[in-house]
Amino acid sequence: MQSEMMLRSSETSTNSATAAVAPLAPASSPTLSAADDRTLIERAQAGDRSAFELLVQRYDRQVLRLALNVLGSAEDARDVYQEAFLKIYRNLRSFRFECAFYTWIYRIVTNICLDHLRRRRSHPEDQPPVLRPVSFEERHDGDFFDRQQGTHSDPEREVLGHEIGRKVQSALQALSPRERMVFEMRHYQGMKLRDIGEALGTTEETAKNSLFRATRKLRTQLEGLR
Amino acid sequence: MLAELNCSNYEDRAILYAAGELNQEDSAAVEAHAQKCANCAAILSREIGFRKTLAVRVEPADTLDRSDLLLARCRSELFETLDDAAAQPKRSWRGLLTSLAPWHCLRAFRQIVVFRPGWSAAALLLVGALAGTAARELYRQVALPVGNPVITVSAPAPITEQELETIGRDGVRLEPQSGSLAPKVELQVRSPRPRVVQGTSDDADIRRVLAYVIGHGGQFDDGVRLQSIDALRPAADDPQVREAMSEALRHDPNPAVRLRAIEALRDVGSAADVQSAILGALSDDDNSGVRIQALNSLLERMRSREFSRVPLDNRAEGILRDRMHNDSNSYIRSRSADALGQLTSMDEDSVPSGGRHP
């Protein structure tokens, strides 16, 4: 029961400001799996592979989620995941604890995602396939966690949600790569603008301006939706 | 504290307010201004409404990876790549020279085959077309004794067990065909009567050979085994095929092949042998990605309608309990706890007295 709650809180934490700092799951091996990030990072830097795997498991759900949301393609998200964690693995020794570990990870991931988005812009033929909205029946045929999410909703709201979701998705694709990233990280990953600025290698003020531009563009595109 | 709030900068501040980026003091200033100014109140209400609209969006991640299968696969691929990297010796000038050697190219090719199905399909087509043509010619000229020519038959004669054992590492070639057609398979049987046999996985004999390929991990290349699983997937109901896939799941050295075998077995009902193989993978596989996939597959089975009619292996509860307490992977521990909870509630609701079946 405890573990179920821990995992669920990890699932929902993507919408909170502390999303990237996933709560620890109960430890079967208290010495390692309950260790804090710093200990794990230091051990991984010294070549401990299992410590690195635990770090991956702490952060990879959010990384994959961000890549899926931004790129809208499972194949591209998979590439981003592999490229990001291999880069993290190779460069881990150069991490000097000058910023939070999750900020460092996000810096790597967002750069790779931005590259993908820019590549797509210059090659319009590489657009992701249009996502088929999941029907109400399919959604309720899902796994344990899906069903938990669906418990409090009603069919009409879900259908409306999918319609709005489709329009929001298409409006998001019209943003510039940087605006897209900022918007996704602020609204759907729940990150603070200061952290977003740091992850993008820029200032909070620049991230804020990107958020303003993105919001205005989206609002124009989605006018009349409500 | 931000700059003084007025009507000209109100919209930006309202955006930050709706996004939850303002501290208590600045938020209070935004609200107080809205009470004095109708225009700004409308702006604030619009921003809050817009934020609510965005919250209704179903995120692509929820559609594209609803059951965490993609996450499991990504982890598995990453850890395997790291394993491969760790197995490689450190680079030196001599190492750089040897890295150009054919076996390194082969390893790189193998990784592409395993991790980039799209590229691998294209590459296999190209390489297969070139190598197949050249190799067959070479085979005719060099490998076979003079006076013992290759016989090409379109309807293969039954292949004996002894012949199966003589099929070499490079003796199986699968060529994808357009549309939903089963891939064309070409076999080079060396002994006792060298010949080339062609057909598709719809042929029982070819199916038997592909099942043999899947079940003998060490004898054939990873790419061929993955392709064979894909080719046999539509025939996964065939007991022989099912057995081979279960065997691959238990013993194949490559986690990507084991993952693919679990995926293929998803199409099969809740047969006891399949359940047993999946439970075995959950219990014993040393790759966490494979264990996650096995656990997800088990959960899927538990949710299926068929599950109420097919008994669950009585080891399931013990294995799930063990994983919940002892697995090194936190995700598996949590999901195992969920599965156990589901199992208990199903016991109470639907399974007749006497509990689960042996």
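Axes here are lines fitted to C-alpha atoms, for helices over the stretch in contact, and angles run from 0 to 180 degrees between N-to-C directions. In this predicted model, local features need pLDDT of at least 70 and side-chain atom pairs count only at pLDDT 80 or more, while totals for chains, interfaces and linings use all residues. Residues are numbered from 1 along each chain as its sequence is written, and chains are lettered from A and ligands numbered from 1 in the order in which they are written.

Take helix α13 (residues 255-265) and helix α14 (residues 272-284) of chain B. Their axes come within 11 Å and cross at roughly 145°. From α13(B), the contact uses B:R258, B:I262 and B:L265; from α14(B), B:V274, B:I278 and B:A281. Two residues are in contact if their C-beta atoms, placed from the backbone, lie within 7 Å. By class, this contact has five nonpolar residues, no polar and one charged. Ala, Val, Leu, Ile, Met, Phe, Trp, Tyr, Cys and Pro count as nonpolar, Asp, Glu, Lys and Arg as charged, and the others, Gly among them, as polar.

## Chain totals

Chain A has twelve helices and zero strands. Chain B has 17 helices and four strands. Helices (H or I, at least four residues) and strands (E, at least two) are DSSP runs, numbered from the N terminus.

Of the 226 residues in chain A, 38% are buried. In chain B, the buried share is 35% of 358 residues. A residue is buried if 20 or more other C-beta atoms lie within 10 Å of its own, exposed if 12 or fewer, and partly exposed in between; C-beta atoms are placed from the backbone. Now take contacts between residues at least 6 apart in sequence. In chain A, 61% of them join residues at least 24 apart; in chain B, 63% do.

## α4 and α6 of chain A

The axes of α4(A) and α6(A) come within 11 Å and cross at roughly 25°. These helices are therefore roughly parallel to each other. Angles under 35 degrees count as roughly parallel, over 145 as roughly antiparallel, 65 to 115 as roughly perpendicular and the rest as oblique. The crossing of α4(A) and α6(A) is right-handed. On the α4(A) side, the contact includes A:Y59, A:V63 and A:L66; on the α6(A) side, it includes A:Y102, A:I105 and A:H116. Its residues divide into eleven nonpolar, one polar and no charged.

Helix α5 (residues 74-91) of chain A has 18 residues and reaches 25 Å from first C-alpha to last, close to the expected 26 Å. The expected span is 1.5 Å times one less than the number of residues. Its buried residues include A:D76, A:R78, A:Y81 and A:F85. Their cover includes α4 (49-71) and α6 (101-122) of chain A, together with α4 (60-64) and α5 (69-87) of chain B.

Helix α10 (residues 177-188) of chain A should span 16 Å, and its end C-alpha atoms are 16 Å apart. Ten of its twelve residues are buried, so α10(A) is largely enclosed by the rest of the structure. Among them are A:E179, A:R180, A:E184 and A:R186. A:G190 follows α10(A), with a positive phi near 70°.

## A buried arginine

B:R13 is found in helix α1 (residues 10-18) of chain B. B:R13 is buried, with 24 other C-beta atoms within 10 Å. Not counting residues up to four places away in sequence, B:R13 touches B:L5 and B:V30.

Methods:
Left-handed = near helix turned anticlockwise from the far one by under 90°.
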